Amino acid sequence: MRVIQCLLVIVSQLALAGCGGGGGSGGPSGGASTQSGPVTSSVSGRVALKNGTPLAGVTLTAYQTNNHSDVTATTDVNGNYTFTGLETSFQTHYEVRAAKAGYAFYPALSNNVASVAKADYNALYRIVISYLSLAGSSVTGANFDAYDGSAGLVSLATTGQSVSYAAGDDGALQKGVARPAARFTDLQNGSIGDALTGLVWLKNAGCLSAGHWSDAMTAANQLASGACGLSDGSTAGQWRLPNIIELESLVDVARSKPALPAGHPFSNIGAGYWSSTTYRGVITEAWVLDFTTGRYINDLVNNVKTDATAGAWAVRNGAGGTVKLPATGQFIVYAGGDDASKLAGVPLTSPRFIDRANGTVIDSVTGLTWLKQANCLRQPWAGALAAVGALASGQCGLSDGSLAGSWRMPNRAEMLSLVDRAETNQALRFNSVFLKADKSVDQPAIFDQFIELEFYWTSSTDAADTSQAWTVFSCDYGVYNIAKANLGYTLAVR
């Protein structure tokens, strides 16, 4: 069923590809255009690295969504840029974005005249500074932070697996930030604090009755002190249904029935729980996580928003944790209180991935370096682990000088970290070359031949059946357990 879903998504996207529509790469010319009408608006800002060092030579594009035209500016040696003579009217809307080879960006506004938005440029999703261009209301402080990939914005935690089933696997390497020895704290008020993520969870995981997706969100959003054993003084609106990354953060890969850390303090653990994250391939469905095994549910039946029933496990923000969780990337609101309504987590950069032109790609969000050639390694699990361990410069398109032993098979957390839930098809996202209207490249493909409708291995073994390992399905990017004897692709990381 999952393969059928992905095929439907691919067909749908191919049909849309010829339609144009929206804004972005199918609309803007990629160069300066002639403006008409009043010209009293301007936009200015600064682009700098996080340490404050100005970044020269950054191309800023101000795209007008009304007529699909754009103008460009370039930062000077002090990182400053200015747009002048921009058209103004009550309905004139601009989106400003930044680009320079070797860097990723995120807005750093110094005032509230404009806002940060995620915009759809014909399925190329960009983070932009968004504002209405009104006469006499020029924008200053439209700044961007730049990232070169040398340090990630988030750190990934270990998966919890400590037993090794083969050399170089998750249990042997245990990559990631160590989980606190005393991870969960019973706050003695009906809630549990998580020292790893800083989130606070409802202690009674079975209190909110199982129901449809909208019921789960309503129940979580209306939760307040006095209900479900809570005496924390919380009010309606402070609790929410967790997004899929927050829900995943509870999973301990070393365990099953439930797939939660040993000695956890929660009560009444159910099986499947709704996340607030819509499945973008079919928006009538949402992601469900089965805590019996740690498997994702996306089967056209048990995750249909209006038909399926699953539990609701409420969460709210707390103090800072050992790690920060990234946002899912979802930005279209499908219901009040959902993932895109809350936008929990560290925002994703744009463009996110930096191609080092040596067969590797750096993820500016995590700081991890990935093998660009995504179809090079295809073997059963044990053979794939050995092949990745032997991977070196000169193989699989690499010219980075790496030696055997430099690379590893990603664990479950690392492989999942690549996802952007704004997308309908992750493999298509990784493979797509986005063009401007003049047919020049707007954004090259992130990976080379990320194969659609295939399983990609992780180095994490399924605790419930050690003859199986966790994989992600390339299209929907759900987590599924398959036999280690099966053939699968591997995306190497270091």
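## A nonpolar surface patch

Phe 90, Leu 132 and Leu 134 form a nonpolar surface patch of about 300 Å². Patch members have over 30% relative accessible area and no salt bridge; like charges are joined within 9 Å, and nonpolar side chains (Val, Leu, Ile, Met, Phe, Trp, Tyr) within 5 Å. A salt bridge here is a side-chain nitrogen of Lys or Arg within 4 Å of a carboxyl oxygen of Asp or Glu. Areas come from the Shrake-Rupley method with a 1.4 Å probe, and for residues only the protein chains shown count as cover.

This is a predicted model: local features need pLDDT of at least 70, side-chain atom pairs count only at pLDDT 80 or more, and totals for chains, interfaces and linings use all residues. Residues are numbered from 1 along each chain as its sequence is written, and side-chain values use heavy atoms, with hydrogens and water left out.

Phe 90 sits in the loop between strand 4 (80–86) and strand 5 (93–99). Helices (H or I, at least four residues) and strands (E, at least two) are DSSP runs, numbered from the N terminus. Phe 90 counts as exposed because its relative accessibility is 63%. The classes are buried (under 20% relative accessible area), exposed (over 50%) and partly exposed (in between), with a 1.4 Å probe and protein chains only.

Four strands make an open sheet in the order 4-1-9-6, with mixed pairing. Strand 4 and strand 6 (104–107) stand at the edges; each has a single partner strand, so one side of each lacks a neighbour in the sheet. From one strand to the next, the twist averages 25°. Axes are lines fitted to C-alpha atoms, for helices over the stretch in contact, and angles run from 0 to 180 degrees between N-to-C directions.

Two strands count as paired if DSSP finds at least two bridges between them. Strand 1 (residues 41–49) and strand 4 run antiparallel and are joined by five bridges. Gly 45 has Tyr 81 in strand 4 as its bridge partner.

## Strand 8 and its partners

Strand 8 (residues 124–132) is mostly covered, with eight of its nine residues buried. Strand 5 pairs with strand 8 in the antiparallel sense over four bridges. There, Tyr 94 stands opposite Tyr 131 of strand 8.

Strand 7 (residues 115–121) also runs antiparallel to strand 8, joined by seven bridges. Lys 118 faces Ile 127 in strand 8. Strand 7 and strand 8 form a hairpin with two residues between them. In the turn, Asn 122 has a positive phi of about 50°.

Strand 10 (residues 184–186) joins strand 11 by three antiparallel bridges. Thr 185 stands opposite Gly 193. Four residues separate strand 10 from strand 11 in their hairpin, and Gln 188 in the turn has a positive phi of about 60°.

Strand 12 (residues 200–202) is likewise antiparallel to strand 11, over three bridges. Ser 191 has Leu 202 in strand 12 as its bridge partner. This hairpin leaves five residues between strand 11 and strand 12; Gly 198 in the turn has a positive phi of about 80°.

## Helix 6

Which residues of helix 6 (residues 381–390) are buried? They are Trp 381, Ala 384, Leu 385, Ala 387 and Val 388. These residues cover an arc of only 165° around the axis, so they lie on the same side of helix 6. The arc is that of the directions from the helix axis to the C-beta atoms. Ala 382 and Ala 386 are exposed, on the face turned away from the buried side of helix 6.

## Backbone exceptions in loops

The peptide bond from Lys 257 to Pro 258 is cis, with omega near 0°. Pro 258 lies in the loop between helix 4 (244–248) and strand 13 (272–278). The bond from Ser 350 to Pro 351 is also cis, with omega near -10°. Pro 351 belongs to the loop between helix 5 (339–342) and strand 17 (353–355).

His 68 has a positive phi, near 60°, though it is not a glycine. His 68 is in the loop between strand 2 (59–64) and strand 3 (69–74). Its relative accessibility is 33%, so His 68 counts as partly exposed. Cys 228, another non-glycine residue with positive phi, has a value near 55°. Cys 228 lies in the loop between helix 3 (213–222) and helix 4. At 16% relative accessibility, Cys 228 counts as buried.
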